[in-house]
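Dear colleague,

Please find below the structure I am handing over to you. My notes on what was found in it follow.

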Amino acid sequence: MSNYVIGFLRPAVSGDGWGEDEARIHALAAERGWSVILVYYGDPDRPGGAVINRLMNLAYSEHANGVIAPSADHFEPDDIPALVKITDVICTDTDTKYTTASNDGQDQTGLVNRR
């Protein structure tokens, strides 16, 4: 398995703090021994679904074992359940990891929130 992750943030959500958000993405990856292979900036002008589709394609094609975002606020409501079909999602603000569950402990959404 690779030790590659993709950073993801929406500058419109981060506001003036987008640089600090990106630094937190890199810091969390370094802390866990992962390499950030790219940071994808979600463009608010892209049509609905295009941002998450692009992020999913990047995660799949790069064989990333995670996507790190500053918080769950950077995702649309259905984005995380769709993305965890490809890779794990980690939020730096809470150190929450969203992942697909094995058969033990799976909730109705199929997601497990692990710290």
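Asp-43 is partly exposed, its relative accessible area being 33%. In this predicted model, the residue sits in the loop that runs between strand E2 (35–41) and H3. Its side chain reaches the backbone nitrogen of Asp-45 at 2.9 Å. The C-alpha atom of Asp-43 is also 8.1 Å from that of Ala-12, although 31 residues separate the two along the chain.

**Helix H2**

Asp-21, Glu-22, Ile-25, Leu-28 and Ala-29 are its buried residues. Viewed down the helix axis, these fall within an arc of 125° and therefore line one face of H2. That buried side packs against E1, helix H1 (11–14), E2, E3 and E4, whereas the face turned away from it carries the exposed residues Ala-30 and Glu-31. Just after the helix, Gly-33 adopts a positive phi of about 80°.

**Nonpolar cores**

The largest nonpolar core comprises 19 residues, and Ile-6, Phe-8, Leu-55, Val-67, Phe-75, Leu-83 and Val-89 have the most contacts inside it. At least two residues each come from strand E1 (4–9), helix H3 (50–61), strand E3 (67–69), helix H4 (79–83) and strand E4 (89–91); H3 supplies the largest share, 6 residues. Another core, of 8 residues, lies apart from this one and includes Leu-9, Ile-25, Leu-28 and Ile-68.

With kind regards

Note on methods
Residues numbered from 1 in each chain as written. Predicted model: local features only at pLDDT ≥ 70, side-chain atom pairs only at ≥ 80, totals over all residues. Heavy atoms only, no water. Core = buried A, V, L, I, M, F, W, Y, C linked by side-chain atoms within 4.5 Å. Buried < 20%, exposed > 50% of the residue type's maximum accessible area, 1.4 Å probe, protein only. Helix = DSSP H or I, 4+ residues; strand = E, 2+ residues; numbered from the N terminus. Polar contact = N/O pair within 3.5 Å; in protein donor to acceptor, adjacent residues only side chain to side chain. Arc of directions from axis to C-beta. Contact = heavy atoms within 4.5 Å.
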